[in-house]
Amino acid sequence: MYFIHAKTEMMDRQPEINTQRDVYQVDALSANNNAPAMADRRPAAKKLPKKKRKCMDYVRKTIPSIDWLFLNYRWSEDFAEDTMAGIAVAVLNIPQGMAYSILGNVEPTVGLYMAVFPVLVYSLLGTSRHISLGVLSVLCLMTGKVVTMYATDGTGYTAIQVATAVTMVAGLVQLLMYVFRLGLLCTILSETLVSGFTASVAVIVLTSQLKELLGVDVARRVGMMQVPHTFYDFADRFHTINWMTTAVSVTTIAVLLLYNKYLKERINSKLCMPLPIELIVTIVATVLFQVTTIAQDYDMVQMGEIKSGLPAFEVPPVKLFSAVFMDACVIALVGYSITMSLALLVAEKLKYPLDTNQELLAQGLGNVVGSFFSCLPSGASPSRSASQQTVGGKTQMASIVSAGIIVVVLLWIGVVFEPLPRCVLSSIIVVALKGLLLQVLDFPEIWRKSKTDGAVWIFTYSTVIVLDIDTGLLVGVVVSLLFVFVKGVLNEVHVLGRLPDTDLYVRLDLYGDAVEVPDVKIVRYAGSLNVINRYMFKRKLIEVTRAGYNDASMTMTVTVVDGKHATGGRRTQCVVLDMAALQYADASGVKMLSESIESLVSDGFDVYLAAVPDSSLEYVRCNNDVKSVRFFPTVHDAVVFRQCSSKKIQNLTYDSQSTKTPNGL
């Protein structure tokens, strides 16, 4: 019988639950509930064949825009909000696109191209409704490194040819990942690793922009130790600093920072869309240096000629594919991981599903198409995506509107930015990096919460800065996977005690009120049991089961009934192994478990296994050579069974002594 009594009469009293039922062993529990024995179990029946999908089903799954755009789009309700969101994203794309093109060592208009072609492809194939694809500082910087390596006079390739080759290979890698359903591969880049990586890349970006911010004529460093070498170059060439360029940079950065800190929330709360402060600063600076001769008088570097119109279709140089393959693979993985992290964050907030593999198709094909139109590898921008979502964008129609506005800028408006000093765009980059740069302040909190995560963060951060982006990311991934592996093979063995007047068994080292059950040693095992940690398991088990026990404590004189004679013997101790936290057991691990149990039995212990997971129960039973082991569904069943058995033996002993005493008188 099994019933529960709940007592909640007074609000200030702790509720009570009293449970009464029979004590079960695993075999009895299975028999009472009509569960078949292991030998009688039959393989599960074959699943019914799935309904065949029609060709149109695959088309609609591959092109999600068929549903949301062509069949179900609510023009009267959503188009106005999507249009406002598209305008907000477009005004951010103009300064960001031109600024981040500097990081890629290509012309300023390339960043605007990236706000059109990959965006249109993603709008049709992507499953996120709010991310804004286009320029991303990390990807532009990584691509710029490859451009610097291969776009030299000796190779005969231009900067844009190298950049498009990287974009094509990165897109093909993402498409290959889509074919093999590797959408979950982005999970190897944990949030902690990505935080350390982006924070360190922000330092490299800041360092790379010192040349433009200060007007110092130094060569751009790439590869290992680029940050220390760059600071050395600036110290060596500091006497060549352009003070007017520095003044314009400081003024631009100060205006942007002061606005973001003191005015942004107040002004945006009164407007239907965020005020595009970056675009306003860009326009004001352009007008100022158009109507004055300050730039010419102080030798300031300006944007120069900006091509109008859309780029021509051009196939990237195939011969470069093998040379840029490794860098493109890293760029493809980093771009997909960062974009997916942002997309999942927004989707979780707004409660709609994402298809990780479909995202690979959308981003990969977007990069492939973009490579034919002078684009760098694209990714989702946190600032633009946040703007698209907060303004009220409902679908990727906002991205389509934004792309249309950028086309207008490319055709007729882009040339007006030719007088703009490059230091203004570099200042916009630096301010945009503020959040990433300040992530270093999160490290103490990360370390306090988890030493493992803290180690991954600091390893990634330091190696990217000291060595290189690719090397640092590789080190971060290796360290992260190493910790995962180590945690997978480590195990924990703890002694449990019982909280008074309950059936709760907790760790003795954590709960001061818990007490050990007399003559019963309860041991909890947590972790996998495999070929790597099997000896560690045996050593820890022996340590905790022998603790507090010795031959003197295990030996006592009792009267055992054998029919006629009373004999002396040993008091048998009991070990209950709580296996509820067993994650996985292989053949070597189960063999070591059997050897450990056999050793305990030979030393006079009764051994009970409790709460073995169903996934491992039959495997442990079939491969366990010790037949005297009992299996229980819970630790409490094992303890009560032991106590009842001990009490029964004591009663039998008492009855025998009472019967024999008169005969001896």
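Me: Which helices are included in what covers the buried residues of helix 12?

Reply: This is a predicted model. In helix 12, the buried residues include Thr245, Val248, Thr252, Leu256 and Tyr259. Their cover includes helix 10 (210-214), helix 13 (277-291) and helix 19 (422-432).

Me: Where is the kink in helix 12 centred?

Reply: Helix 12 spans residues 243-268. Its kink is about 55 degrees.

Me: Which residue caps the N-terminal end of helix 12?

Reply: The cap works through a side-chain oxygen. That oxygen lies 3.2 Å from the backbone nitrogen of Met244. The capping residue is Asn242.

Me: Is Gln209 buried or exposed?

Reply: Gln209 sits in the loop between helix 9 (191-208) and helix 10. Leaving aside neighbours within four places in sequence, Gln209 is in contact with Ile102, Leu103, Ser426 and Ile429. Its relative accessible area is 3%. Buried means under 20%, so Gln209 is buried.

Me: Now the sheet. What is the strand order in the open sheet of six strands?

Reply: The pairing in this sheet is mixed. The order of its strands is 6-5-7-10-11-12.

Me: Why is one side of strand 6 and of strand 12 left without a neighbour in the sheet?

Reply: Strand 6 and strand 12 (630-632) stand at the edges. Neighbouring strands of the sheet are turned by 35 degrees against each other on average, direction ignored. One side of each edge strand is left without a neighbour because each has a single partner strand.

Me: How many bridges join strand 5 to strand 6?

Reply: Strand 6 covers residues 505-507 and runs antiparallel to strand 5. Leu496 stands opposite Arg507 in strand 6. The two strands form a hairpin with six residues between them. The number of bridges joining them is three.

Me: Which residue in that hairpin takes a positive phi?

Reply: The hairpin is made by strand 5 and strand 6. The positive phi is near 65 degrees. The residue is Asp501.

Me: In which sense do strand 5 and strand 7 pair?

Reply: Strands of a sheet pair through backbone hydrogen bonds, either parallel or antiparallel. Here Glu492 has Ala526 as its bridge partner, and Val493 has Tyr525. Val495 stands opposite Val523. Over five bridges, the sense is antiparallel.

Me: And in which sense do strand 7 and strand 10 run?

Reply: Strand 10 covers residues 573-585. Eight bridges join the two strands, and they run parallel.

Me: How many residues of strand 7 are buried?

Reply: Strand 7 covers residues 520-529. It is largely enclosed by the rest of the structure, because the buried count among its ten residues is eight.

Me: How many residues of strand 5 are buried?

Reply: Strand 5 covers residues 492-498. It is mostly covered. Of its seven residues, the number buried is five.

Me: Finally, what share of the protein chain do buried residues make up?

Reply: The protein chain has 28 helices and twelve strands. It exposes about 34,300 Å², with 61% supplied by carbon and sulfur atoms. Of its 665 residues, the buried share is 47%.

How values were computed
Residues are numbered from 1 along each chain as its sequence is written. This is a predicted model: local features need pLDDT of at least 70, side-chain atom pairs count only at pLDDT 80 or more; totals for chains, interfaces and linings use all residues. Side-chain values use heavy atoms; hydrogens and water are left out. The bend at a residue is the angle between axes fitted to the seven residues ending there and the seven starting there. Helices (H or I, at least four residues) and strands (E, at least two) are DSSP runs, numbered from the N terminus. Buried means under 20% relative accessible area, exposed over 50%, partly exposed in between (1.4 Å probe, protein chains only). Contact means heavy atoms within 4.5 Å. A polar contact is a pair of N or O atoms within 3.5 Å; within protein, one must be able to donate a hydrogen and the other to accept it, and residues adjacent in sequence count only if both atoms are side-chain atoms. Accessible areas come from the Shrake-Rupley method with a 1.4 Å probe; for residues, only the protein chains shown count as cover. Two strands pair if DSSP finds at least two bridges between them. Axes are lines fitted to C-alpha atoms, for helices over the stretch in contact, and angles run from 0 to 180 degrees between N-to-C directions.
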